[in-house]
Amino acid sequence: MPPQRDDGQVIDRGIGAWVAACPDLELVARPAFGCVVFRFREARLNEAVPKALFASGRAVVGHTVVRGAACVKLTLCNPEISEEDVAALLRMIVDCGRTV
């Protein structure tokens, strides 16, 4: 039986690369097990964006505190999610940060 691809690790790497390449965001920790923690460089957005997305019904995005700083947290549990889905979600988060 050929080795199976671990899609979770592929998506984790893709998220990390996307966040690292985005000038509005900073990766807080290396993504693992479908969990990614990052923050907007503009601190006020780290709480405002998850609240705005939830209030609009577009997405449920978590927020947390790491080393005293507010951060955004994504927990991806859907085994059917694709890299394209994650990229679209990250674009939505960044776009919301630019309009909130």
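The paragraphs below lead through the fold, the strand pairings, the core and the cysteines of this chain.

The model is predicted, so local features are described only where pLDDT is at least 70 and side-chain atom pairs only at pLDDT 80 or more, whereas totals for chains, interfaces and linings use all residues. Residues are numbered from 1 along each chain as its sequence is written, and side-chain values use heavy atoms, with hydrogens and water left out.

The chain has 3 helices and 4 strands, where helices (H or I, at least four residues) and strands (E, at least two) are DSSP runs numbered from the N terminus. Along the sequence these elements follow the pattern α-β-β-α-β-β-α. The C-alpha trace spans about 50 × 30 × 20 Å along its principal axes. For 100 residues a compact globule would have a radius of gyration near 13 Å, and the 14 Å of this chain agrees with that; the radius is taken over C-alpha atoms, and the globule rule is 2.2 Å times the number of residues to the power 0.38.

The strands can be followed through their pairings, a pair being counted if DSSP finds at least two bridges between two strands. Strand β1 (residues 25-27) runs antiparallel to β2 and is joined to it by 3 bridges, with F38 of β2 as the bridge partner of L27. In turn, β2 pairs with β4 in the antiparallel sense over 4 bridges, and here V36 has L74 in β4 as its bridge partner. Strand β3 (residues 62-66) is also antiparallel to β4 (residues 69-75), with 5 bridges between them. These two strands, β3 and β4, form a hairpin with 2 residues between them, and R67 in the turn has a positive phi of about 50°.

Strand β2 is mostly covered, since 5 of its 6 residues are buried; buried means under 20% relative accessible area, exposed over 50%, and partly exposed in between, with a 1.4 Å probe and protein chains only. R39 lies in this strand and counts as buried at 18% relative accessibility. Beyond four places away in sequence, the residues that R39 touches include D24, E26, N46 and A70, a contact being heavy atoms within 4.5 Å.

In soluble globular proteins, nonpolar side chains tend to be buried together. A nonpolar core is defined as a set of buried Ala, Val, Leu, Ile, Met, Phe, Trp, Tyr and Cys residues joined through side-chain atoms within 4.5 Å. The largest such core here has 22 residues, and those with the most contacts inside it are I15, F38, L74, L90 and I93. Helix α1 (7-21), strand β2 (35-40), helix α2 (45-56), strand β4 and helix α3 each supply at least two residues of this core, and the largest share, 6 residues, comes from α3. The contacts of L74 include F38, L89, L90 and I93. The buried residues of α3 are V86, A87, L89, L90, I93, V94, C96 and G97.

In accessibility, C35 is partly exposed, with a relative accessible area of 27%, whereas C96 counts as buried at 3%.
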